[in-house]
Amino acid sequence: MRKLAAGNWKMNGTSEDLAEIAKLIDAHPKPNCEMLICPPTTLLSRMADCAKGSALRVGGQDCHAHASGAHTGDISAAMLKDAGATHIILGHSERRADHGETDATVLAKAVAVQASGLVAIVCVGETEAQRDAGTTLAVIGSQLEGSLPPSLTSAPDGLVIAYEPVWAIGTGRTPTLDEVAEVHSFIRDTLVKRYGDAANEMRLLYGGSVKASNAAALFAVPHVDGALVGGASLKSADFAPIVAALAAS
Ligand code: PGA
């Protein structure tokens, strides 16, 4: 399995930040893992141009479930692909919270991304209240049940799951390694029940306050096959060491 270091720039970045991409490519000309940055859509095609011929892949942060049509302000998977995207993040907790995305919305988008031939990175994760109430695994189980396509229509590496505890995103707090291990092995078991042995080849990312100082420890946890990184993906100086830790894991 080729592990995946994915960066999510969220609503950050203008033209001048493309310089970070050149630095990242210089730092990792041939990484021993996949390396991905998902910039805001305004930068996507220019970033894809910068990344041409390199190991860096470029992706979207969301898409519409339909291929085209009267949906003002929305962008389809096919359009992101046309702009140079190879991956699309779906169901990030910020989309679920800010835009009312439900599991059903995420499922429809995941089906669209698979149909477009791109890799879907589907995010799941519990809130702090849900963890405190002891319902973490039930919440994750139900998000997986509702957000994932019923069958794998791509190779197993075409569908990636990112476990992102909502309370760990942008807070500097992370679950303990045992807590990460518990959730990741639960996700693996759930996927194997759903998709069969092929699910052993699906990448499971951890996301939420990943940084250079905790990356190696997180990557040593069983069934952690990479990371989805927010704040620490904006600067090459922060992201390149995370890629290095994954490549060495
Ligand atoms: P963070 O964000 O690394 O800034 O905590 C992670 C994410 O939202 O994907």
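**Close-up views of a predicted model**

**View 1. Aspartate 238 lies in helix α10.** Helices (H or I, at least four residues) are DSSP runs, numbered from the N terminus. The model is predicted: local features need pLDDT of at least 70, side-chain atom pairs count only at pLDDT 80 or more, and totals for chains, interfaces and linings use all residues. Residues are numbered from 1 along each chain as its sequence is written, and side-chain values use heavy atoms, with hydrogens and water left out. With a relative accessibility of 36%, aspartate 238 is classed as partly exposed (buried means under 20% relative accessible area, exposed over 50%, partly exposed in between, with a 1.4 Å probe and protein chains only). Apart from neighbours within four places in sequence, aspartate 238 contacts Ala212 and Ala232, where contact means heavy atoms within 4.5 Å. Its C-alpha atom is separated by 16 Å from that of glycine 226, twelve residues apart along the chain.

**View 2. Helix α1 (residues 19-27) and helix α10 (residues 236-247) cross at roughly 30 degrees, their axes coming within 9 Å.** Consequently, α1 is roughly parallel to α10 (angles under 35 degrees count as roughly parallel). Axes are lines fitted to C-alpha atoms, for helices over the stretch in contact, and angles run from 0 to 180 degrees between N-to-C directions. The crossing of α1 and α10 is right-handed, that is, the near helix is turned clockwise from the far one by less than a right angle. From α1, Glu20, Lys23, Leu24 and Ala27 meet Ser236, Phe239 and Ala240 of α10. By class, the residues of this contact comprise four nonpolar, one polar and two charged.

**View 3. The largest nonpolar core holds 61 residues.** A nonpolar core is a set of buried Ala, Val, Leu, Ile, Met, Phe, Trp, Tyr and Cys residues joined through side-chain atoms within 4.5 Å. Leu90, Val122, Ile161, Ile187, Leu191 and Phe239 touch the most other members of the largest core. The greatest contribution to this core comes from α10, with seven residues. Not counting residues up to four places away in sequence, leucine 90 touches Cys63, Val106, Lys109, Ala110, Val113, Ala120, Ile121, Val122 and Cys123. Leu36, Val119, Ala162 and Leu228 are among the twelve residues of a second, separate core.

**View 4. Serine 116 belongs to helix α5 (residues 103-116).** Serine 116 has a relative accessible area of 12% and is therefore buried. Residues up to four places away in sequence excluded, serine 116 touches Ala77, Ala78 and Lys81.

Methods:
Helix = DSSP H or I, 4+ residues; strand = E, 2+ residues; numbered from the N terminus. Parallel < 35°, antiparallel > 145°, perpendicular 65-115°, else oblique. Nonpolar A, V, L, I, M, F, W, Y, C, P; charged D, E, K, R; others polar.
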